[in-house]
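The stops below move from the overall division of the chain to individual sites.

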Amino acid sequence: MQTLERARRAWIALALPAMGWFASTRPREATPEVLRQPPVLRNTSSVPGIVEVTLTAAPARLRLLPGGPLVNVYAYNGSIPGPTIDVREGDSVIIHFRNQLPEPTTVHWHGVHLPADADGSPLYPIAAGTAHDYRFRLGAGSAGTYWYHPHPDRRSGFQIAMGLFGGLIVRAPNDPLAAAGIPDKLLILSDNRFDSTGAVAFPDPKSIQASIDVENGREGNVLFVNGQVMPTIPIRRGEVQRWRVVNASAGRVYRLALAGQRLVQVGTDGGLFEHPVDVPDVMVANSERVEFLIRGTGEPEHGAALEDLPYDRYMPQTRPADWDKTRELLTLHYTDEPSVRPPEIPSVLRPIPAFDTTHVAAHRVIVMSQGMIDGRQMDMQRVDIRSHVGATEIWTIQNVVGMDHPFHLHGFHFQILDRGGVPEPIRGWKDTGNVPKHSSIRIAVRFDDYPGKWMYHCHILEHEDEGMMGILQLR
Ligand code: C2O
Ligand code: CU
Ligand code: CU
């Protein structure tokens, strides 16, 4: 186990020279900051069960690198990440959205089950300088960690890289972990790349770097948690914390581990599992969420790093040279405050009934190749799959190329039946499933409501923007 001091020095030695902006100046010892929670969006409605908020996307000048300059960004309500939308099952949510960007955008409520016209898909662009109200109601059982981000045609990668992403938490009235007194924290993971002036860097479209980005998804060398670089999270002896982790990165996939302890995973994209599961590490592909518990079991005044372990999702030709390096995201700091009595971790979280697959309306095979789904690029005028409300379907998502593609379906949670033929050991509600190179996963989904057009796509943002997306129409 590393001491805080050692962890901090190791980080400065490794990470700072890698950031262009720091190269010219000698880094001073950065004092680690405590992880902040993004501000919670204020509910302006006084009617019980109605949440009314205002969200504005606009250009801003913010400091992204610690000690760095103010740079041009896009931000929701002036902060990166944007404010957290913190709501409850049963709430009717009204979001007064204003687009003050110099370009069209949308707000997509990633993972939320809602009407198609409220989904913020590329079919419903919000023009520059205009406003739009998004309305949806959060059903029973929808509690989970979600996030919101722009989804305009071909510009999602750019707008998210510029700073547009935020968390959305739906809470259950009877959350067993909250009832056990376990506090939760939101951790939004992102990465970014900067030029020598400290500005967010995008490659010249004709450069080799641009084609590598299209291949891998744009990865940055600076890793952020809630917009902070290598913050600390204090924990007391005996304390248990629930971390809700969102991967908002365009291309980077995280394999999270905490030095010195195993993780107790309690949930995934669409909320809690049935039971907690003890794991050594947990993968979070692009747009996925995980929830896990961590414990205050370390030596007082020592730190343990939350690590991103190597994971090879790449084609050999474009695999970064340092792909096999472990990176650090934050330090868990065991404080010397008086210990607290450890809470009882509930062994039962909530029921997740398996889909009834005795009557399956359709079995489909969806083939992901580089930049294409079923051999085609997305066409907004085309419908790729037709089905109807009430149908239960089984989809085999096949990846026929030599890099991973995380498959995302809008609007409906699915259950992963198997991965590479291996039955999925833990049932959970998913909206994204990583499909490793040259393999396939099988998912079951039920279209219980909400006719309309729904996107499905690879969630590597550059792949999505390049057209690795299809449209499902439900009648
Ligand atoms: Cu995060 Cu089309 O989605
Ligand atoms: Cu989505
Ligand atoms: Cu992809």
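Begin by colouring the protein by domain: domain 1 covers 50-173, domain 2 covers 184-334 and domain 3 covers 362-474, with bounds that come from an automatic or database domain assignment. The model is a predicted one, in which local features need pLDDT of at least 70 and side-chain atom pairs count only at pLDDT 80 or more, while totals for chains, interfaces and linings use all residues. Residues are numbered from 1 along each chain as its sequence is written, chains are lettered from A and ligands numbered from 1 in the order in which they are written, and side-chain values use heavy atoms, with hydrogens and water left out.

Next, select domain 1 and domain 2 together, whose centres, taken over C-alpha atoms, are 21 Å apart. Their contact (heavy atoms within 4.5 Å) takes 25 residues from domain 1 and 27 residues from domain 2. The area buried between them is about 2,000 Å², with 68% of it given by carbon and sulfur atoms; buried area here is the accessible area, for a 1.4 Å probe, that two parts lose on being put together, summed over both.

Select aspartate 184 and arginine 171, which form a salt bridge with their closest N and O atoms 3.2 Å apart. On the side of domain 1 that touches domain 2, the elements giving two or more residues are strand 2 (70-76), strand 7 (144-149), helix 3 (156-161) and strand 8 (166-171); helices (H or I, at least four residues) and strands (E, at least two) are DSSP runs, numbered from the N terminus.

Widen the view to the whole structure, which holds 29 salt bridges. One to select is that of arginine 242 with aspartate 175, at 3.0 Å from N to O. Arginine 242 lies in strand 12 (residues 240-247) and aspartate 175 in the loop between strand 8 and helix 4 (176-179), so this pair ties together parts that are 67 residues apart in sequence.

Then centre on the copper ion (ligand 3): which residues coordinate the copper ion? The donors (N, O and S atoms within 2.8 Å of the metal, or 3.2 Å for Na, K and Ca; water is not among the atoms, so sites may look incomplete) are His405 (ND1), Cys458 (SG) and His463 (ND1), at 1.9 to 2.1 Å. Histidine 405 lies in strand 24 (residues 405-409) and histidine 463 in helix 6 (residues 461-465), so the pair ties together parts 58 residues apart in sequence.

Finish with the backbone: the peptide bond from isoleucine 80 to proline 81 is cis, with omega near -5°, and proline 81 is placed in the loop between strand 2 and strand 3 (82-88).

Key
A salt bridge is a side-chain nitrogen of Lys or Arg within 4 Å of a carboxyl oxygen of Asp or Glu.
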